[in-house]
Amino acid sequence: MIFLHKLLNFYYREYKLNLSGFQDILTNITFFFISIFIFIFSIGPEKETYSFLGVGILWTLLLLSSTLSLRKFYQDDFENGNLTLLHLNGFSFELIAILKTFSHFIFVQIPFLLSIPLASILLNVGNEKLYRLTISFLLGALILSSLGSISSSMNLLNKRNYLLGSVIVMIFSIPIIIFSVGIININENFNSLVGILSGILLITFAVNPWASGACLKIAIQNN
Amino acid sequence: MLLAQNLTLCRLERIIFENISISLSSGKIIILKGKNGSGKTTFLKTILNLLEPTSGTIYWKGKLLSRNLYDYYNNLTYIADKTSSIKQLSVYENIKIWKKIFSSHMNYEKIEEILSILNLKVFLGARVSTLSLGEIKKLELLRLMIENKKIWILDEPFTNLDMETINLIGQTFEDHCKNEGCVIFSSHQDPLIPVSDEVNL
Amino acid sequence: MRFLINSKRFNVFADIIFKPVLVLSIVLLIVGLIFAFFLSPDDYQQGSTVRIMYVHVPSAWLSLMTYLIMTVYSIIALAFRMPFGFIVNTAVAPIGAIFTLVCIISGSLWGKPMWGTWWVWDARLTSVAVLFIIYLIIIFINISFENVRVREKIAAIFILVGSINLPIIKFSVDWWNTLHQPATISKLSKPSIDPSMMTPLIIMTIAFIFIGITIAILRIKTEIITRENI
């Protein structure tokens, strides 16, 4: 019971933090839509092209724009000492990593999920594909959040090279892009692909706590 | 309660501090004195088990600290030199978050009372970023009361504060000691409040 | 075998073996090149361009082997707290990157006469390109943090996470490749090798290993000296 109480209090804090920084999330989504416009302006308005390319473009842009906000993942809490406080209050680094991952999923990725239907209208993605897109994004976004946790905890003490975090996420997200777009475009083995993506999700979940936890510990020790 | 023996910490083959022993029992106020860069913050972090000492051992209630960490963390409040209040939220929201995170049972009347002693009550609805540095520091020190733990570990608690507030804090420390609590804090200047022990780094 | 995990013993051992290794790598390289250019037959399909293989394949093997070594040393360094592992990781990462780059460049030089373009999105080429980017990120981590004690640990954690992820990436790229391309090209990348071609290939591989060891010894010794002077 105490543990559950602790979790709820942690998420109350996250909710307050994200509510006050809501303009960041809105800017993120605006970036997503603007990049869709730019894609359309650069390729041309023919709808047939997008029925073929649409899903790929959508997933690429989702990946790009959700890695934009990674800098904020731990940085604020780290710089004002709140990570140390949480740790001293009984949250182990691994637990912080898990909780923060889900918080990123809820407060950053879910708004993207909600904006997918609108984006799919713009890119001429059909209804049947939209359903698959939603499922693949639900799974993929959880993996992306875990990878984001790993990369941003690695870069807490990196004061010079801000883009490194995004690069780390993007190189590891190659399988996600491949299988997520595969889920949508390939009709016959839908279930097995969902299975593969869930398998990757479980592996990332297993790796995330200890990798992020170790990096957070290193960052706090050497700050 | 807290016993640290012959703590030594080296970093990159440089000795930060050497052979420091402290013993913190209830009713004691220990000041950690030293020049800038003499390793006060590092020492406090070692006491908090955030850093591993190169040699030396720390005991908590007679057991090794690493074996008894959960109980130890349940009994201490740490005020860092950085202020942990969230700048874009109001004072009230910060207090509410702290109350929840530290599962404090202190009621709001008591908190408001303390706030009015600290001259902070008018800012209750204001954002923390509009407060002055001294006021933010006072708000940070309010956490001592909200958390209501036995050991207080403070890193440079007197920066940006006026004489009046410092005396008030000294009073609070003494009251805390009478309630079987104990305090350890660092300062680069002379202790402006009565202390029971002094450690030089 | 303590010289593999202790920097003092490594220094002593390296001083003894450096000259023999250097001589051996030069001799093997010359012998291998003679075999590759004059004593091995042309391919009946590819003609003389098949000789690129004698550079391409050893560098591909070594790029993977270097990553394996880095993974092992990351585990040693993180789990058993032996700082020599971090030294090896820092020293070896650029060598692996160079081997991967050699593999990519020779592959694309080989591909131009065979496939007609410099670059084909073949599964193997793509995976190697990803490996190259991962090496680059390790090097970036090593140069963009200010604190040595931080960056070596972060790099080691990254290497371990990467070693878990690399098989997944490889698998997914393979799957993606079968999805989008007919299987004609994969026949080219899995040739059955004639024994007369096998001899120069093995000699070249051993030569590459010894070249790698030579450079690694130099770089590790430099790294040890740099760290003593921080």
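Residues are numbered from 1 along each chain as its sequence is written, while chains are lettered from A and ligands numbered from 1 in the order in which they are written. Because the model is predicted, local features need pLDDT of at least 70 and side-chain atom pairs count only at pLDDT 80 or more, whereas totals for chains, interfaces and linings use all residues; side-chain values use heavy atoms, with hydrogens and water left out.

## The interface of chain C and chain A

Contact here means heavy atoms within 4.5 Å. By this rule, 29 residues from chain C and 28 residues from chain A take part. The two chains bury about 2,600 Å² between them, and 83% of this lies on carbon and sulfur atoms. Buried area is the accessible area (1.4 Å probe) that two parts lose on being put together, summed over both. Within chain C, the residues that lose the most area to chain A are C:Ser144, C:Ile157 and C:Trp175, which together account for 20% of what that side buries.

One salt bridge is found across this interface. The term denotes a side-chain nitrogen of Lys or Arg within 4 Å of a carboxyl oxygen of Asp or Glu. Its partners are C:Glu146 and A:Arg160, whose closest N and O atoms are 3.8 Å apart.

Helices (H or I, at least four residues) and strands (E, at least two) are DSSP runs, numbered from the N terminus. On the side of chain C that touches chain A, α4 (123-144) and α5 (148-180) of chain C each supply at least two residues. The most comes from α5(C), with 18 residues. By type, the residues of this side of chain C are 22 nonpolar, five polar and two charged. In this division, Ala, Val, Leu, Ile, Met, Phe, Trp, Tyr, Cys and Pro count as nonpolar, Asp, Glu, Lys and Arg as charged, and the others, Gly among them, as polar.

## Salt bridges

Side chains of opposite charge can pair when their charged atoms come close. Over all chains, the structure holds 23 salt bridges. The table gives some of them.

| Residue | Partner | Closest N to O distance |
|---|---|---|
| A:Asp77 | A:Lys100 | 2.7 Å |
| C:Arg81 | B:Glu52 | 3.5 Å |

A:Asp77 forms its salt bridge with A:Lys100. A:Asp77 lies in helix α4 (residues 75-79) of chain A and A:Lys100 in helix α6 (residues 93-122) of chain A, so the pair ties together parts that are 23 residues apart in sequence. Both A:Asp77 and A:Lys100 are buried; buried means under 20% relative accessible area, exposed over 50%, and partly exposed in between (1.4 Å probe, protein chains only).

C:Arg81 pairs with B:Glu52. This pair crosses between chains, from C:Arg81 in the loop between α2 (53-79) and α3 (83-115) of chain C to B:Glu52 in the loop between α1 (40-47) and β4 (55-60) of chain B. C:Arg81 is exposed, with a relative accessible area of 63%.

Elsewhere, salt bridges that share partners join A:Arg13, A:Glu14, A:Asp77 and A:Lys100 into one network.

## Selected parts of chains B and C

Helix α5 (residues 133-147) of chain B has 15 residues and reaches 22 Å from its first C-alpha to its last, close to the expected 21 Å. The expected span is 1.5 Å times one less than the number of residues. Of the 15 residues of α5(B), 13 are buried. Just after α5(B), B:Asn148 takes a positive phi of about 55°.

B:Asn6, in strand β1 (residues 2-11) of chain B, has a positive phi of about 50° although it is not a glycine. B:Asn6 counts as partly exposed because its relative accessibility is 43%.

B:Lys96 lies in helix α3 (residues 91-101) of chain B and is partly exposed at 27% relative accessibility. Not counting residues up to four places away in sequence, B:Lys96 touches A:Tyr12 and B:Tyr108.

In chain C, C:Ser25 belongs to helix α1 (residues 7-39). C:Ser25 counts as buried because its relative accessibility is 4%. Leaving aside neighbours within four places in sequence, C:Ser25 is in contact with C:Ala207, C:Phe210, C:Ile211 and C:Thr214.
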